[in-house]
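Hi everyone, thanks for making time. I'd like to walk you through one structure today, so please have a look at the screen.

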Amino acid sequence: MIIACPHCKKRYSISDEGIEKIRDRAVIPCSACKGDMRSSVPAGQPAGTTPSSPAAEKSSDGDSLKSRLAQALKDLPPMPQAFDQARGLMADVHAKPADVAHVLETHPAVSARVLRLVGMALYGDAESVSSIQQAVTALDMKTLNEFIILACASGLLSRELNGYGLKAWDLWRHSLGVAYCVRELASRMNPDMAEEAFLAGLFHDCGKLILDSCVEDRIESILPLVYEEKQSFQIIERQVLGFEHPQVAADVCVKWRLPKSLIVAIALHHTPSRFEHNPLACILHAADAIALMSGIGVGIEGSLYSIDEKAMEFLALDDDKIGMLMVDAAGFVKRTMECF
Ligand SMILES: [Fe+2]
Ligand SMILES: [Fe+2]
């Protein structure tokens, strides 16, 4: 049996003999942080059995879980206005650099991040560009709008997710790595798909923002499935919560007004062959796997990624291509993270 400290997340593998010793104790001290861990082995329960079955847990609190997820969705911060404005300018053939400058001037928090990204792109130094005018003169509009999108998304995707074992900025790092890989793969297949693919990569795991506290509350039921039964994390989510993060991500994307085509690909990013063939979902799936193989923002899900062979066959990726993408994605994440 495996238990985890709810404070520092240190995991302990407990033998049957050890379970007998802790059976009558309500709390056990964590040797790493000295915090209290709740014993989940009730008196009378035989060693080697889980404290309660996931199915029983799911049926007993299914309704409250649904209302809790609805509340979490409600509490999620809205997409910053600058994001919609940047996307609007990207789609407008008549947009001028002055329009981008206007967006930056009206959103100081966003523009501070954008200036750091511009400095890094131009001179390899996040501190080197300090004026909006300098930024809009030196860089093309497409890149500037993409930087506005990155600055807005980072504020939504950077928080710590204890249930998924992700520290602050881990989800953001992973999202950046996936966004880089998915754009590279998409531009080789259909350059028109590249920008939408980048957005899909950035937001593909946003469902974890909603499910995290529920995963954390049930971590004692989840860890044995992860470390002993080694099931894919999506199956574990379905068994224990009755929801999967790609499915919940679709609700978040609707709230953030992301395009419908992107929402479908995100909802299928772990199972791209489940319904009819969706090229963006296949690319997103491969990009997600490549980012995890590179160790970019890997949490509890990392070692349990179940690869969809049909999607990988469709993309015909060989080891050399995958290796190059892993290296390039790691470089992109490292450079970008210096601006955050
Ligand atoms: Fe995912
Ligand atoms: Fe992911």
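I'll begin with the chain overall, then turn to its core, and finish with one leucine.

Keep in mind that this is a predicted model. The chain has 340 residues, and 42% of them count as buried. Along it there are 17 helices and four strands. If you take the contacts between residues at least 6 apart in sequence, 64% of them join residues at least 24 apart.

Now to the inside. In soluble globular proteins, nonpolar side chains tend to be buried together. Here, the largest nonpolar core has 94 residues. Which of them touch the most other members? Those are Val114, Ile148, Cys181, Val182, Ala200, Ile283 and Ala287. As for the helices, α15, covering residues 279-293, gives the most to this core, namely 11 residues. Both domain 2 (80-156) and domain 3 (166-331) supply at least three residues each to this core.

Leaving aside residues up to four places away in sequence, Ile148 touches Ala82, Ala86, Val103, Val110 and Val114.

Last stop: Leu225, which you'll find in helix α11, residues 219-227. Is Leu225 buried or exposed? Leu225 is buried, because 20 other C-beta atoms lie within 10 Å, and the cut-off for buried is 20 or more. Again setting aside residues up to four places away in sequence, Leu225 touches Gln231 and Ile236. And how far is Leu225 from Ile235 in space? The two are 9.7 Å apart, C-alpha to C-alpha, with a separation of 10 residues in sequence.

Note on methods: Residues are numbered from 1 along each chain as its sequence is written. Chains are lettered from A and ligands numbered from 1 in the order in which they are written. This is a predicted model: local features need pLDDT of at least 70, side-chain atom pairs count only at pLDDT 80 or more; totals for chains, interfaces and linings use all residues. Helices (H or I, at least four residues) and strands (E, at least two) are DSSP runs, numbered from the N terminus. A residue is buried if 20 or more other C-beta atoms lie within 10 Å of its own, exposed if 12 or fewer, and partly exposed in between; C-beta atoms are placed from the backbone. Two residues are in contact if their C-beta atoms, placed from the backbone, lie within 7 Å. A nonpolar core is a set of buried Ala, Val, Leu, Ile, Met, Phe, Trp, Tyr and Cys residues joined through C-beta atoms within 7 Å. Domain bounds come from an automatic or database domain assignment.
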